Amino acid sequence: MQKIGPQNSSQEKKLQSLLTSLGYKYNLHSKKLPGKPDIVFPRRKKVIFVNGCFWHGHTCGRATLPRTNRAFWKNKIEGNIKRDKRVRRELSKLGWKSLVVWQCQLKKSKREVLTRRIEKFIHVNVS
Ligand SMILES: [Zn+2]
């Protein structure tokens with residue numbers, strides 16, 4: 001079973017160091033925006049969420065439920081998924097674009113793929 005550690009932090013740091021190495025400037029945890037996005041690009045009106053695969057129910061296979069208290073975890077994670085969807089809808093209504101980066105995509109071996117995704121997200125559809 002995978003470890004259910006505290007949400008984010010180390011994943012977030014990985015993404016931050018990637019963004020910094022790419023030369024991007026960003027803010028952290030804007031409390032003014034729905035869902036308190038992890039990374040905010042204020043002038044571009046874009047945000048990035050770093051989601052733990054377990055907590056946010058990623059379909060990559062890391063989201064296996066613990067054997068005990070299954071109903072509790074299932075409920076909790078389904079609640080998170082619903083909230084994530086609602087938050088992204090609210091952001092888009094306010095004119096913000098959002099990207100979700102999953103924990104499993106922050107692996108070193110996937111760095112190039114992730115970099116391309118992020119650059120595309122930041123540079124494409126600038127309104
Ligand atoms: Zn995943």
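1. Some ground rules before the details. This is a predicted model, in which local features need pLDDT of at least 70 and side-chain atom pairs count only at pLDDT 80 or more, while totals for chains, interfaces and linings use all residues. Residues are numbered from 1 along each chain as its sequence is written, and side-chain values use heavy atoms, with hydrogens and water left out.

2. A search of the whole structure finds 2 of them, where a salt bridge is a side-chain nitrogen of Lys or Arg within 4 Å of a carboxyl oxygen of Asp or Glu.

3. One pairs E78 with K74, and the closest N and O atoms are 3.3 Å apart. The two residues are 4 apart in helix α2, so about one helical turn separates them. Helices (H or I, at least four residues) and strands (E, at least two) are DSSP runs, numbered from the N terminus. E78 has a relative accessible area of 38% and is therefore partly exposed; K74, at 46%, also counts as partly exposed. Here buried means under 20% relative accessible area, exposed over 50%, and partly exposed in between (1.4 Å probe, protein chains only). The areas come from the Shrake-Rupley method.

4. The other joins E90 to R86, with 3.7 Å between the closest N and O atoms. Again the spacing is 4 residues in helix α2, which means about one helical turn. E90 is partly exposed at 33%, and R86 is partly exposed at 42%.

5. Now for the surface. K14, R62, K107, K108, K110 and R111 form a positive patch. Patches are made of residues with over 30% relative accessible area and no salt bridge, with like charges joined within 9 Å and nonpolar side chains (Val, Leu, Ile, Met, Phe, Trp, Tyr) within 5 Å. Lys and Arg count as positive and Asp and Glu as negative, leaving out His and the chain ends; each charge is placed at NZ of Lys, CZ of Arg, CG of Asp or CD of Glu.

6. S98 belongs to strand β4 and counts as buried because its relative accessibility is 17%. Leaving aside residues up to four places away in sequence, S98 touches V47, F49, R88, L91 and F121, contact meaning heavy atoms within 4.5 Å.

7. Which loop holds H58? H58 lies between β3 (46-51) and α2 (70-93), and it is buried at 15% relative accessibility. Beyond residues up to four places away in sequence, H58 touches C53, A63, W102 and C104.

Note on methods:
Accessible areas come from the Shrake-Rupley method with a 1.4 Å probe; for residues, only the protein chains shown count as cover.
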